[in-house]
Amino acid sequence: MKPAARVALNELRAHAEDVAGMHLREHFAADPARFDSFHLDLGDLTLDYSKNRISRETISRLVALCTAADLDERREAMFSGQTINSTEGREVLHTALRNRSNRPVIVDGEDVMPAVNGVLEGMGRFAEDVRRGRLTGVKGDRFSHVVNIGIGGSDLGPAMAVAALTPYRGDGPKVLFVSNVDGAHLSDTLAELDPAKTLFLIASKTFTTSETMTNAGSARAWVADTLGEDAVGAHFAALSTNLEAVSAFGIDTARAFGFWDWVGGRYSVWSAIGLPLAISIGFDNFLAFLDGAHRMDEHFRTAPWAENMPVLMAAIGVWNRNVLGLTSHGVMPYDQRLSRFAAHLQQLDMESNGKRVTLAGEPVDYQTGPVVWGEPGTNGQHAFFQLLHQGTDIVPCDFLIAAEPREQLADHHAKLAANCFAQTEALAFGKTEDEVRAELAAAGLEPADIDALAPHKTFPGNRPTNTLIYRCLDPATLGMLIALYEHRVFVQGVIWDINSFDQWGVELGKALASRLLPVVRDGADAEALDSSTIGLVARFRSLSEPG
Ligand code: F6P
């Protein structure tokens, strides 16, 4: 961490002794209009951050922390295409992919926007041709299904967005996603499909990822076996930065949609990797999705820190993590169609900020990215919310909800919203032992029973949450929400002085799996391995032997 940022963080820790000991009940009692000063509107999107253990002074000090971390300079470095991904020698320009202003973005002396717009146009043509049946299978059938084969960033973002925007599908094909190298994923997906009506998109930035290439090979065999080798061309397209490998796989480069190494995998839904989404919702809606993200970019670029949504969310996250010492972060969309939102944010946040050394390679002596997890409400309430309310770990959570339901089904949406708000209320204010005792006495319980039950029924409260409300989950709103979290991750990475854009931590497991494959599959020599791995492989092989 930069020395000035370290000073600011230490000052925050000293300040925490005054403020963090104060219960949220006291914060709200002291300032009955607390919501007014602790919420932020951006168009139809509102962030309520009043239910955090903070005061106005905390916000000023968090702003000072951002300034001390040179956030201004780092943000400019990202938007202007400097090589901020230092360990991979790359720029970080996912914002250029949704730069709807077309302001030039210069990389190596050249404006990238014409190339960005060129790919976007090609994606638009292809998506609409597939949706309208102008592009067909080899036998002239309209595509009823599109199967995206990819993993990590080449799966999670588009899969989440396709699910989120299901109502925009119209009469377009159904888009499915296969990621896991477990053959069950591909088999179960293909079991329902007709090869003559299925289009595969092979999505891989590198076009070398083992899971994706294995699934792509099996999908190719499925098409070739059922429709003939010559059918492959009509049933495959590719999304990649590695166009040579796409050709080698046998996909015509006219059906390959490229992007650039300055797009990180987990930031790639805005690039050609977004093609399955464009096919699912139509190109105009895809452009609206980019517009929403661009709107958030402009807000992030221009709003003062204290009125800047991603900055506030990031800074409060740092307060929770580095000052209050909280170890995980929950994301609870009260929006069933955001069922994969937490999974996408897991990669976005944990692959970006799960780092143990600074940009200069020094081990950090403070906590970096938290564990991110979550499930849609109200399901989570009937599963793990018990721990959120009464467990020994405090988990700060974001709650998300749309004001307008898509489905006019009785009072479902009012019930959903009531539950969402009730949870943040219960987490913040809890229920004191005195309240519990009074309630039990009013219900006519004996004093001994009250003594026995009261501790179990007491809720400590004082558990921090943010709530995000938006009008409805439309493409622009989804774009804004994803970009909001991307910038939140960026700001935290700047404060922690880490590289949020590499992912060396995934490499060792990949290398070991390649080394183990011949041992597991072919029984190759296992001598150099540890006894646990040798034992597991031997047991695996003996159990998998027929008969
Ligand atoms: O294993 C991690 C990772 O490199 C992610 O960062 C990436 O999103 C994913 O694998 C897939 O990579 P690719 O798009 O190159 O297949």
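Helix α18 (residues 412-429) gives the second largest pocket the largest share of its lining, four residues. Helices here are DSSP runs of H or I with at least four residues, strands are runs of E with at least two, and both are numbered from the N terminus. Before going further, keep in mind that this is a predicted model, where local features need pLDDT of at least 70, side-chain atom pairs count only at pLDDT 80 or more, and totals for chains, interfaces and linings use all residues. Residues are numbered from 1 along each chain as its sequence is written, and side-chain values use heavy atoms, with hydrogens and water left out.

Back to that second largest pocket. A pocket is an open set of points on a 1 Å grid over the protein atoms alone, with protein on both sides within 12 Å along at least five of seven lines; a cavity is a set where a 1.4 Å probe fits but cannot get out, and lining residues have an atom within 4 Å of a point. The volume of the second largest pocket is about 460 Å³, meaning the space filled by probe spheres set on the points, which are joined across faces, edges and corners. Its lining has 20 residues, and Asp 335, Gln 336, Glu 407, His 413 and Leu 416 lie nearest the centre. Sorted by class, that lining is eight nonpolar, six polar and six charged residues (Ala, Val, Leu, Ile, Met, Phe, Trp, Tyr, Cys and Pro count as nonpolar, Asp, Glu, Lys and Arg as charged, and the others, Gly among them, as polar).

Now for the largest pocket, with about 1,100 Å³ of space. It has 40 lining residues, and Ile 151, Thr 209, Glu 211, Val 506 and Lys 510 are the closest to its centre. Two or more lining residues come from each of α10 (210-227), α16 (341-353) and α22 (507-522), and α22 gives the largest share, seven residues. Domain 2 (95-286) and domain 3 (505-544) each supply at least three residues of this lining, with bounds taken from an automatic or database domain assignment.

The largest cavity, at about 100 Å³, has Arg 74, Phe 490 and Phe 501 among its lining residues, and helix α21 (residues 475-496) provides the largest share, three residues. Helix α21 also turns up at the second largest cavity, where α15 (309-323), β10 (328-334) and α21 each give at least two lining residues. That second largest cavity holds about 80 Å³.

Phe 490 and Phe 501 come back in an aromatic cluster with Phe 79, Tyr 267 and Phe 300. The charged end of Arg 301 sits over the ring of Phe 79, 5.8 Å from its centre (the CZ of Arg or NZ of Lys must be within 6 Å of the ring centre and within 35 degrees of the ring normal).

In total there are 20 aromatic pairs. Trp 260 and Trp 262 are stacked because their ring centres lie 5.0 Å apart and their planes are at 5 degrees (rings of Phe, Tyr and Trp, its six-membered ring, pair if their centres lie within 6.5 Å; planes under 30 degrees apart are stacked, over 60 edge-to-face, the rest tilted). Trp 260 is partly exposed at 22% relative accessibility, whereas Trp 262 is buried at 5% (buried is under 20% relative accessible area, exposed over 50%, partly exposed in between, with a 1.4 Å probe and protein chains only).
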